[in-house]
Amino acid sequence: MSAELAAAARQPAEEPAAPRGRVRLAAARLRASRGAVLGLAVLVLLFLLAFAGPYLTPWDYAAPDYGSLRQPPSGTHWFGTNGLGQDVFAQTVRGLQKSLVIGLLVAVLSTGLASLVGACAGYFGGWTDRVLTFLVDLLLIFPAFLVIAVLSPRLRGSGWIAFVLLLAVFNWMVTARVVRSMTRSLREREFVAAARYMGVGPFRIIWRHVLPNVSSFLIIDATVTVGGAVMSEAALSYFGFGVRPPDVSLGTLLAAGAADAPVFPWLFYFAAGLLVLFVLAVNLVGDGLRDALDPTAAAGRHRPRRRSTTPPRRSSP
């Protein structure tokens with residue numbers, strides 16, 4: 001038995017090319033997905049627009065042009081101006097940039113917290129599992145939107161970073177429960193038992209053996225979380241609980257232009273279109289990653305129906 005455990009412990013070190021082979025296979029599957037490629041192209045273009053767009057226009061997002069109040073799109077102001085004379089294009093790319101940064105930070109923080117809590121709860125078990133699971137269940141009870149709406153005004157002096165932390169704190173529990181269940185099955189595998197037999201510490205086992213085996217789920221979850229976080233930020237900012245003036249986000253732009261959208265559509269629909277386009281692209285990339293990293297999911301969705309081989313019965317004369 002000890003010889004088998006030692007051999008299993010040496011097995012990952014003898015096959016260093018396996019992870020690279022899996023990465024190449026997943027990349028080939030991802031490239032074969034037209035939806036994922038289209039979503040990635042759209043995301044790249046949106047990121048370029050968000051971070052290079054401010055350098056394409058001479059107008060600052062907060063600088064007013066008092067000679068052009070609520071002017072339609074033109075060669076001077078590409079997306080028109082709002083009621084204060086501010087350039088809508090400059091505000092839109094600034095809002096897109098802020099929303100993307102918030103979405104990325106929330107996804108990284110929430111996915112990292114979920115992986116840590118879920119892996120520790122599933123690996124250690126016992127009282128550690130009970131305490132962490134109770135914490136997860138307790139946070140799931142609270143309505144996240146209402147809690148953030150109550151706490152956000154009290155953190156106005158802390159800036160948008162506090163808003164990011166609030167979104168991350170209430171966005172990791174479901175992922176943690178999934179990681180916990182996956183870790184409970186992984187801790188009984190031979191390579192984990194071999195690592196424990198050789199005296200490897202528990203946190204090193206979690207880092208080297210558990211998390212890499214749930215990384216495909218975490219990558220997909222983080223990708224989808226970016227879109228969800230951007231939508232949450234837009235909704236909270238729309239109701240005045242997110243990004244504070246004079247800074248802007250897609251949510252604040254939607255809130256400012258919603259009332260005037262029937263008369264001055266450029267105040268609303270440019271920001272709304274970018275938000276819808278971003279969420280759609282993230283969903284396409286998430287579906288592509290799921291199919292690339294878990295081919296059984298794609299096979300289950302696209303499995304053709306079996307045709308019946310039973311000959312039709314002839315009616316009796």
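**View 1. Residues 131-151 in the predicted model.** The span is 90% helix and 0% strand. Its end C-alpha atoms lie 25 Å apart. An unreviewed UniProt entry places a "transmembrane region" at residues 131-151.

**View 2. Residues 263-285, with 35 Å between the end C-alpha atoms.**

**View 3. The aromatic pair Phe-79 and Phe-89.** A search of the whole structure finds 8 aromatic pairs. In the pair formed by Phe-79 and Phe-89, the ring centres are 5.1 Å apart and the planes make an angle of 85°, an edge-to-face arrangement. The pair links distant parts of the chain, 10 residues apart: Phe-79 is in the loop between helix H3 (34-52) and helix H4 (88-124), and Phe-89 is in helix H4. Both Phe-79 and Phe-89 are buried. Together with Trp-78 and Phe-270, Phe-79 and Phe-89 form one aromatic cluster.

View 4. A polar atom of the Thr-252 side chain lies 2.7 Å from the backbone nitrogen of Ser-249. Leaving aside residues up to four places away in sequence, Thr-252 touches Ser-237 and Val-243.

Definitions and conventions. Residues numbered from 1 in each chain as written. Predicted model: local features only at pLDDT ≥ 70, side-chain atom pairs only at ≥ 80, totals over all residues. Heavy atoms only, no water. Polar contact = N/O pair within 3.5 Å; in protein donor to acceptor, adjacent residues only side chain to side chain. Contact = heavy atoms within 4.5 Å. Phe/Tyr/Trp six-rings, centres within 6.5 Å; stacked < 30°, edge-to-face > 60°. Helix = DSSP H or I, 4+ residues; strand = E, 2+ residues; numbered from the N terminus. Buried < 20%, exposed > 50% of the residue type's maximum accessible area, 1.4 Å probe, protein only. UniProt positions renumbered as here; feature names shortened; annotations may be inferred.
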